[in-house]
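User: I am new to reading salt bridges in a model. Please walk me through them.

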Amino acid sequence: MTMIGDDLQQVNDRIAKACVTAGRDPASVRLLAVSKTFDSDAVREAHAAGQSAFGENYVQEGLDKIEALTDLRSSLEWHCIGPLQSNKTRPVAEHFDWVHSIDRLKIAERLSAQRPAHLPPLNVCLQVNVDGGANKSGVPPEEALALARAVAALPQLRLRGLMAIPEPATGFEAQRELCLRAHAVYQSIRDAGIELDTLSLGMSADLEAAISAGSTMVRVGTAIFGGRNYAKPG
Ligand SMILES: *Cc1c(COP(=O)(O)O)cnc(C)c1O
């Protein structure tokens with residue numbers, strides 16, 4: 001097996017184990033492979049090892065990979081997980097399958113208006129700022145329900161759930177506590193009658209804690225592809 005294939009296997013084993021520990025069905029958690037800074041060959045290799053969902057932070061970098069992997073397009077699912085500026089929404093609406101980082105209505109409205117009619121609605125998650133950090137992206141928890149209602153009404157979007165990036169914390173219990181905050185917001189929106197099926201939560205370092213707190217999609221980069229070199233452009 002290739003190195004990426006090996007690492008993928010290990011991550012899938014971690015997910016399965018965390019599900020068993022949490023008393024959850026392993027099929028209830030999806031793996032999103034975060035391929036930012038890695039080239040299309042790395043994505044191709046992961047795909048050959050059975051992975052189909054990939055996350056990108058930077059729009060242009062993602063578009064380049066989507067284009068380079070056109071031959072695999074029907075068996076790949078592309079997720080935009082980075083902060084999204086309003087002047088970048090069109091290519092995202094045209095080429096991605098999911099956006100995790102909706103933090104204001106204007107972005108959602110543009111994505112809905114720009115989603116081509118021949119494509120299925122764009123799957124979206126609202127990014128929630130569960131730490132209250134003023135300079136972090138994400139809607140404050142107390143505004144999440146109102147935004148969810150507004151986004152759910154947009155015709156070319158399908159509201160799937162919430163995404164959160166908790167502050168890095170050390171140790172399972174500290175990580176879990178932050179993850180539970182995200183789950184509480186998720187649950188409160190569902191309790192208000194809005195159908196959600198996705199809590200995008202957990203990365204390489206905290207996926208076990210996220211799964212124990214109810215994550216349904218973990219976004220994993222480093223543990224699959226290795227360390228990132230940000231010195232490279234992109
Ligand atoms: C980079 C990134 C990840 C993956 O992080 P790792 O620690 O490499 O697993 C997940 N989510 C978001 C939003 C990211 O930017």
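User: Is R73 buried, partly exposed or exposed?

Analyst: Start with the cut-offs: buried means under 20% relative accessible area, exposed over 50%, and partly exposed in between (1.4 Å probe, protein chains only). R73 has 23% relative accessibility, so R73 counts as partly exposed. This is a predicted model, where local features need pLDDT of at least 70, side-chain atom pairs count only at pLDDT 80 or more, and totals for chains, interfaces and linings use all residues. Residues are numbered from 1 along each chain as its sequence is written, and side-chain values use heavy atoms, with hydrogens and water left out.

User: Which residue forms a salt bridge with R73?

Analyst: Side chains of opposite charge can pair when their charged atoms come close. A salt bridge is a side-chain nitrogen of Lys or Arg within 4 Å of a carboxyl oxygen of Asp or Glu. R73 pairs with D97, and their closest N and O atoms are 3.0 Å apart. D97 counts as buried, at 19% relative accessibility.

User: How many salt bridges does the structure hold?

Analyst: Eight. Another of them joins D71 and R44, with the closest N and O atoms 2.9 Å apart. D71 is exposed at 56% relative accessibility. R44 is partly exposed at 32%.

User: What is the N to O distance between D103 and R104?

Analyst: Their side chains meet at 3.3 Å, in a salt bridge. D103 is partly exposed at 23%. R104 is partly exposed too, at 36%.

User: Which residues do shared partners join into one network?

Analyst: E56, E61 and K65, through salt bridges.
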